[in-house]
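Reader: I have a new model open and would like to learn how to read it. Could you take me through it one feature at a time?

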Amino acid sequence: MKHFILPGILLLIILYQQFRFQYGIQNKLKQLNLQLADILSKNSDERVMLFTDLPILKELMASINCLLTDRQRLKIEFLETEETSKKMLSNISHDIKTPLTVVLGYLEILRLHDPKNKALEKTEEKANQVMNLINEFFTLAKLESGDMKLEQTKLNINELCRKNILDFYDILLQKDFEVEVSIPEESIFIEGDENAINRILFNLLSNAIRYGGDGKYIGLFLKTDGAYVMIDIVDKGKGIEQASIPHVFDRLYTMEDSRSRSVQGNGLGLTIAKHLAIQMNGDILLYSQPKIQTLFCVKFKIAVPPYTPVEPLPLP
């Protein structure tokens, strides 16, 4: 009987040791996995670290850290290349603007001497389109490189919304749009650059007219939740498919219907608007249900209203 008990005990010991060994490896692998997931989610420059005497785990850690080092190097190279590209785009845009301005000047002089010349009129029109595109590229390049500084002041967003929708009144009337506007009577203030806010609203309103014109509706709604102010610009046109929504604010992205000459854009307006909003600590969000409603929401923090001194009461 003893001859059977001893081998059985040894077998149990061996099985127990194997179990502990496997459990230990699984536990170490789990720790490695958690560390790696944390590094990737935070996009940090850390490396995995684990105390172990097992050669296979040491080799695995070395390989993972080698890949993380390569990943960090590629990220740095990408950022350097992107920064160089942005500055090059800014310089090229500036260099093209100067001769193009001269060309436009000469075209204007020729048109003054021959106002009925249709060829000159068309040439000047196309040259102005090129100049506008160069200006958009130049603006975007300055925003992306951090060279554009915005003057942050307290602004009455109610008045800016009224002004911008009124600027489109004639074109909306001509196109027979239904216009719905809701702006509170009580003034709401934000911190921002007035020219930048006007540019954002102009881009979004003109975008709604261009791409949502088939719905013959445009809405502007100003509202607040006490901490933030939201400006909703709504149209009821064709809308934006879900596949396109993540790319709408990408540089030079144009949707399928923008290939039509009647609605063609340059793919920079929304990108510039988004950058301007972010630089003023705001954001632009997009919601769209095709053929039902497309809504661009501009969101900013509410600022404390400007202090108005009060005359002291006369002493009795």
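Predicted model: local features only at pLDDT ≥ 70, side-chain atom pairs only at ≥ 80, totals over all residues.

Reader: How do the strands of a sheet hold on to one another, and how do S2 and S4 run?

Author: Strands in a sheet pair through backbone hydrogen bonds, in parallel or antiparallel fashion. Here S2 and S4 run parallel and are joined by five bridges.

Reader: What is the order of the strands in the open sheet?

Author: The five strands of this open sheet are ordered S2-S4-S5-S7-S6, and the pairing is mixed. Strand S2 (178–182) and S6 are the edge strands, each pairing on one side only. From one strand to the next, the twist averages 15°.

Reader: Which way do S4 and S5 run, and how many bridges join them?

Author: S4 and S5 run antiparallel, with seven bridges between them. One example is Ile218, whose bridge partner in S5 is Asp235. The hairpin of S4 and S5 has three residues between the strands, and Gly226 there has a positive phi near 100°.

Reader: And how many bridges join S5 to S7?

Author: Eight bridges join S5 to S7, and these strands run antiparallel. Asp232 is found opposite Cys297 of S7.

Reader: Is S5 mostly covered or mostly open?

Author: S5 is mostly covered, with seven of its eight residues buried. As a general idea, side chains in a regular strand alternate between the two faces of the sheet.

Reader: Which helix lies across S6 and S7?

Author: That is H7, and it runs at about 135° to S6.

Reader: How many residues are in the largest nonpolar core, and which have the most contacts inside it?

Author: The largest nonpolar core has 46 residues, and Ile157, Ile197, Ile200, Ile231, Phe296 and Phe300 have the most contacts inside it. Among the elements that give two or more residues to this core are H3, helix H4 (157–167), strand S4 (217–224), strand S5 (228–235) and strand S7 (293–301). Helix H6 gives the largest share, eight residues.

Reader: What does Ile200 touch, leaving out residues up to four places away in sequence?

Author: With those left out, Ile200 touches Ala273, Leu276, Ala277, Met280, Ile284, Val298 and Phe300. There is also a second, separate core of seven residues, which includes Leu32, Met61, Ile64 and Leu68.

Reader: What is found at the start of H3, and what follows H3?

Author: At the start, a side-chain oxygen of Asn117 comes to within 3.0 Å of the backbone nitrogen of Ala119. After H3 comes Gly146, with a positive phi near 80°.

Reader: How many helices and strands does the protein have, and how do the elements run from the N terminus on?

Author: The protein has seven helices and seven strands. From the N terminus, the elements run α-α-α-β-α-α-β-β-α-β-β-α-β-β.

Reader: What share of the residues is buried, and what share of contacts joins residues at least 24 apart?

Author: Of the 316 residues in the protein, 34% are buried. Of the contacts between residues at least 6 apart in sequence, 68% join residues at least 24 apart.

Methods. Residues numbered from 1 in each chain as written. Heavy atoms only, no water. Polar contact = N/O pair within 3.5 Å; in protein donor to acceptor, adjacent residues only side chain to side chain. Helix = DSSP H or I, 4+ residues; strand = E, 2+ residues; numbered from the N terminus. Core = buried A, V, L, I, M, F, W, Y, C linked by side-chain atoms within 4.5 Å. Buried < 20%, exposed > 50% of the residue type's maximum accessible area, 1.4 Å probe, protein only. Contact = heavy atoms within 4.5 Å. Pairing = 2+ DSSP bridges. Axes fitted to C-alpha atoms, helices over the stretch in contact; angles between N-to-C directions.
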